[in-house]
Amino acid sequence: MITTKRQTLAQVMVCLGCCCGRVDKGKPAVPSDWLKAEWKRRRLLKHVHLTIAGCLGPCEIANVVTIVVPEGTLWFGGISGSRFFEELLVWASASAAAGRLAPLPESFEPHRFERYAVATSAAVLQEGSAA
Ligand code: FES
């Protein structure tokens, strides 16, 4: 196992792929430039890393955002408007200030979905490394 000096509390991936954010395809906009600028201005990257990503897969529920935390990955979709992204910024700022993950906004819950057909866990990685 290798280590990194750039450990964070979480990593947020905002999809800006073939469908998410593509207003020319009738999808809601993703305020990626604003989000990147605010993330940088608030110096959040060392605490909650932000990645503007290519297609994450489930395009039919664009716009898609994932939040990767030590316990796993949370998937959110069907995001339109700026509110989700504003609350994401507030959450990341609160987490950075506290040095630990703040509770996610309750307003995120209706956007959550299961990405995988079968639940996985860290045990899978441990089983795989034992082979
Ligand atoms: S473009 Fe966002 S999930 Fe495919």
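**Ground rules.** A nonpolar core is then a set of buried Ala, Val, Leu, Ile, Met, Phe, Trp, Tyr and Cys residues joined through C-beta atoms within 7 Å. I'm working on a predicted model, where local features need pLDDT of at least 70, side-chain atom pairs count only at pLDDT 80 or more, and totals for chains, interfaces and linings use all residues. I number residues from 1 along each chain as its sequence is written. My helices (H or I, at least four residues) and strands (E, at least two) are DSSP runs, numbered from the N terminus.

**Core.** I looked up the largest nonpolar core and found 26 residues in it. V12, V14, C15, V64, V65, L88 and A92 have the most contacts inside this core. I then checked the suppliers: β1, α1, β2, β3, β4 (72–76) and α2 (83–98) each put in at least two residues. The top contributor is α2, with seven.

**Sheet.** In what order do the strands of the open sheet run? I get β2-β1-β3-β4-β5, five strands with mixed pairing. I call two strands paired if DSSP finds at least two bridges between them. The edges are β2 and β5, since each pairs on one side only.

I started with β1 (residues 10–15), which pairs with β2 (residues 48–53) in the parallel sense over six bridges. Along that pair, Q11 faces H49, and C15 sits opposite A53. To get from β1 to β2 the chain goes through helix α1 (residues 32–41), and this β-α-β crossover is right-handed. By that I mean that, with the strands pointing away from the viewer, the path from the first strand over the helix to the second runs clockwise.

With β3 (residues 65–69), β1 pairs in the antiparallel sense over four bridges. V14 has V65 as its bridge partner there. Next along, β3 and β4 run antiparallel and share five bridges, with V69 partnered by G72. A hairpin of two residues joins them. Last, β4 and β5 are also antiparallel, joined by two bridges, and W75 partners F113.

**Helix α2.** Which residues of α2 are buried? I list F84, F85, L88, L89, W91, A92, S95 and A96. They cover an arc of only 165° around the axis, so they are on the same side of α2; the arc is that of the directions from the helix axis to the C-beta atoms. I kept in mind that an α-helix has 3.6 residues a turn, so residues three or four places apart point the same way. What covers this side includes β1, α1 and β2, going by contacts (C-beta atoms, placed from the backbone, within 7 Å). The face turned away carries the exposed residues R83, V90, A97 and A98.

I also checked its length. Just after α2, G99 takes a positive phi of about 75°.

**V118.** Is V118 buried or exposed? I find V118 exposed, because 6 other C-beta atoms lie within 10 Å. V118 lies in the loop between β5 (112–113) and α3 (122–130). From V118 to V30 I get 29 Å between C-alpha atoms, with 88 residues separating them along the chain.

Technical notes
Buried ≥ 20, exposed ≤ 12 C-beta atoms within 10 Å, placed from the backbone. Contact = placed C-beta atoms within 7 Å.
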